[in-house]
Amino acid sequence: MPKARDAHVQRRLGEAAARQTLVRVVRGLRRAERLEGFVLGVGDTWVLLARLDPNFIELDGYVSVRLVDITKVEERGGPDTFVGRALAARGQWPPTPVEVDLDDTAELFRTSAELSPLVNLYIEAEDPDMCFVGKPVRYTKRKVHFLEVTPEAEWRDDGPSKWSLDEVTRLEFSSHYIDALALIAPAAPE
């Protein structure tokens with residue numbers, strides 16, 4: 001991606017954060033979901049959104065996506081719009097800020113896992129619909145070792161999976177789904 005587009009995307013996201021504007025993030029990954037939310041932070045590598053569930057007009061956790069994949073940032077309105085007023089009426093405005101590292105992928109995993117018992121990783125270049133929920137347990141310079149939990153809230157018994165940090169395109173935590181799995185899943189195996 002050209003450096004000029006990187007800088008333009010970072011600038012647009014930073015402006016949206018300063019104005020507390022709802023954004024839709026469009027990414028250049030084939031069939032990747034367009035994400036809506038409020039920008040809480042912009043780093044060198046990642047952006048963090050308080051994710052909006054547009055079906056229920058409520059915030060649903062946090063999502064980080066790689067800046068390099070973003071092709072367009074669409075501003076959707078600020079706190080005075082219907083969405084902003086609905087979130088305020090639900091006690092969800094302004095979004096709760098969290099501190100995660102947005103400059104380094106391994107540190108993003110580590111700091112996200114400190115805030116949520118489970119995280120959700122995506123390798124969208126391979127399959128935008130497939131995700132893996134679990135707990136990061138070890139990091140190297142190139143990989144994250146990840147204890148996975150199944151959709152039935154059971155820990156997989158084949159040991160940690162290993163994922164290339166360069167292939168991770170999206171990381172979510174503290175969503176309703178992830179929190180429900182964490183609530184039901186037994187303690188992680190040692």
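Visitor: Among contacts in the chain between residues at least 6 apart in sequence, what percentage join residues at least 24 apart?

Guide: The model is a predicted one. Contacts here are counted between residues at least 6 apart in sequence, and the share in question joins residues at least 24 apart. That share is 59%.

Visitor: In what order do the helices and strands of the chain run from the N terminus?

Guide: The chain contains four helices and ten strands. From the N terminus on, their order is α-β-β-β-β-β-α-α-β-β-β-β-β-α.

Visitor: Why may the chain be called as compact as a globular protein of its length?

Guide: For 190 residues the globule rule gives 16 Å. The chain is as compact as a globular protein of that length because its radius of gyration is close to this value, at 16 Å.

Visitor: Is leucine 22 buried or exposed?

Guide: Leucine 22 lies in strand E1, which covers residues 22-27. A residue counts as buried under 20% relative accessible area. Leucine 22 has a relative accessible area of 5%, so this residue is buried.

Visitor: Which residues does leucine 22 touch, not counting those up to four places away in sequence?

Guide: Glutamate 36 is 14 residues from leucine 22 in sequence, and their C-alpha atoms are 7.0 Å apart. With residues up to four places away left out, leucine 22 touches Glu36, Gly37, Phe38, Leu52, Glu74, Glu75, Arg76, Gly77 and Val83.

Visitor: How far apart are the mean positions of the positive and negative charges of the chain?

Guide: The chain has 25 positive and 32 negative charges. Their mean positions are separated by 6 Å.

Methods. Residues numbered from 1 in each chain as written. Predicted model: local features only at pLDDT ≥ 70, side-chain atom pairs only at ≥ 80, totals over all residues. Heavy atoms only, no water. Helix = DSSP H or I, 4+ residues; strand = E, 2+ residues; numbered from the N terminus. Rg over C-alpha atoms; globule rule 2.2 N^0.38 Å. Contact = heavy atoms within 4.5 Å. Lys, Arg positive; Asp, Glu negative; His and termini not counted. Charge placed at Lys NZ, Arg CZ, Asp CG, Glu CD. Buried < 20%, exposed > 50% of the residue type's maximum accessible area, 1.4 Å probe, protein only.
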